[in-house]
Amino acid sequence: MLHRIRIRSPWAVDALITAVVQVAVTIPFVVPRSADVPPATWAFYVMTTLSVLPLLWRSRAPLTCLLAITLAGFVYLPMDGPGQPMPYSPLVAIFTVAAQGGARQRQVTIAAGLPLVALAVALRTNTAREYLFAFFLFTMVYVLGVLARTRQAYTRAVEARAAALERDREREAERAAERERARIAREMHDVLSHAVSLMVVQAEAGPLVVRSDPDRAEAAFDAIAGAGRDAMVQLRRMLGVLREEPGEGPGADPGGSGSPNGPGRTPQPTLAGLRDLVDQVRRAGLPVALLTEGEPRPLAADAQVTVYRVVQEALTNVLKHSDARAVTVRLAWEPPGGDQSGGDQSGGDRLSGDRLSVTVADDGSGVRKPGGEGSGRGLIGIRERAAAHGGSASAGPGPDGRGYRVCLQLPLVISSRTEAAGVAEAAGAVGVAGVAGVSGVARTSAEPGETT
């Protein structure tokens, strides 16, 4: 309570302490005195009060307050007035210097205080008992003041550390929000770019065949509608995370859609979804072949999202910027070149030495379409996704300058906790696999002529 009052008004605390001490020194003047001692006069009471009033400035000038009280005490000492059971004012002043005074003020108090205590005892009783009691009081009050100063310093340090930690927490929350916004922006770029590219291609082809081949035109418009619906579903899922109401969890289904992810909340794409992605591009009129080589092995869920998004971005670039007539998507599970474990990793994982290579190659001219608009951010995002999993990515013209290739390589980690069932389940869809981690040192490269 006193700490809060001191923060709001230091004068109030000093005035309260002064009033309490004044009450204490007034007691000998109001209690009955024996007839063999001089009466308690107003002059004596005024001198006693003068030794208390300096406490009003104890916080602003601790050493000056102590010197004024000491001077008033020595003036009152020869007088035959009522004595005090305890030197209240000097004790409070000594405590204040030890607790709030500077180093030089504390040194002066120690150097001059002990001799003055000895002098005061000599002028009064000059007994060993009085010397021992006076020195004990002086020492104990001074030590209590030092302990109070140490506690205050510790409290300030703890408060400063707590404030620093709070600032760090806020900065980390801001950085986490920035990373999340960047991730959502990257996902939205992939979804919208791919869907809009499909819709543009189909919209351009529709008018050409609307009279000569109505069925083909109808299929084009169906493809436009399907691409738009798919984009809306994925955008609703991503934006729904940002506006999720309290009490709604990932498993909530307030719309009664029957999906465990709620209305418009589909799972993140996996390698098994590549088949639908390729079919979607085929419906846009671009022949795409999906090939799988080697024996599929476990791949982490977040790495599967990366592979899916890289293939999606590469196919979108072909639709937007290339004059290609065919595209090949190749997933090659490369066998290990030997034991590269280097010892056990944390959590029982080890590097398997094998990797997944993903190549998206077209047979176009290897350059952009005339007038094509692209900032290169799509391919920058591809390299960032690869680096996040310890892999590498490159993009550029194919052999002999024909076509354009986007290559992605991800190292694999085999975990002792990996379930073999995940491999078989995903392999049945596109010959690719299930659940594990990826690690390694990030390395990215790119060739001239990048587009997005």
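1. Two strands are taken to pair if DSSP finds at least two bridges between them. Strand β1 (residues 288–293) and strand β2 (residues 327–334) meet this criterion, pairing in the parallel sense over six bridges. Helices (H or I, at least four residues) and strands (E, at least two) are DSSP runs, numbered from the N terminus.

2. The model is predicted: local features need pLDDT of at least 70 and side-chain atom pairs count only at pLDDT 80 or more, whereas totals for chains, interfaces and linings use all residues. Residues are numbered from 1 along each chain as its sequence is written, and side-chain values use heavy atoms, with hydrogens and water left out.

3. Val288 stands opposite Val327 in β2, and Thr292 has Leu331 of β2 as its bridge partner. In a regular strand the side chains alternate between the two faces of the sheet.

4. Together, β1, helix α10 (residues 301–321) and β2 make a left-handed β-α-β unit. For reference, a crossover is right-handed if, with the strands pointing away from the viewer, the path from the first strand over the helix to the second runs clockwise.

5. The UniProt annotation "transmembrane region", from an unreviewed entry, covers residues 12–31, 37–56, 63–79, 108–125 and 131–148. UniProt positions are given in the numbering used here, feature names are shortened, and annotations may be inferred rather than shown by experiment. In the model, residues 108–125 are 94% helix and 0% strand, and their end C-alpha atoms lie 26 Å apart. The span 131–148 is 100% helix and 0% strand, with its end C-alpha atoms 26 Å apart.

6. The unreviewed UniProt entry also places a "coiled-coil region" at residues 155–187. The model has this span as 100% helix and 0% strand, and its end C-alpha atoms are 47 Å apart.

7. Which non-glycine residue has a positive phi of about 55°? That residue is Asn126, located in the loop between α6 (103–124) and α7 (128–209). Asn126 counts as partly exposed because its relative accessibility is 49% (buried means under 20% relative accessible area, exposed over 50%, partly exposed in between, with a 1.4 Å probe and protein chains only).

8. Helix α4 (residues 62–76) and helix α5 (residues 88–100) pack with their axes 9 Å apart at an angle of about 160°. Axes are lines fitted to C-alpha atoms, for helices over the stretch in contact, and angles run from 0 to 180 degrees between N-to-C directions. The two helices, α4 and α5, are therefore roughly antiparallel (angles under 35 degrees count as roughly parallel, over 145 as roughly antiparallel, 65 to 115 as roughly perpendicular and the rest as oblique). Their crossing is left-handed, a term used if the near helix is turned anticlockwise from the far one by less than a right angle, with clockwise giving right-handed.

9. Two residues of helix α7 may be considered together. Ala203 lies in α7 and is partly exposed, with a relative accessible area of 38%; Ala203 and Ala217 are 14 residues apart in sequence and 9.2 Å apart in space, C-alpha to C-alpha. Gly206, also found in α7, is buried at 0% relative accessibility. The C-alpha atoms of Gly206 and Glu218, twelve residues apart along the chain, are separated by 7.9 Å.

10. Ile17 belongs to helix α2 (residues 10–30) and is partly exposed, at a relative accessible area of 21%. A separation of 7.7 Å is found between the C-alpha atoms of Ile17 and Leu55, which are 38 residues apart along the chain.
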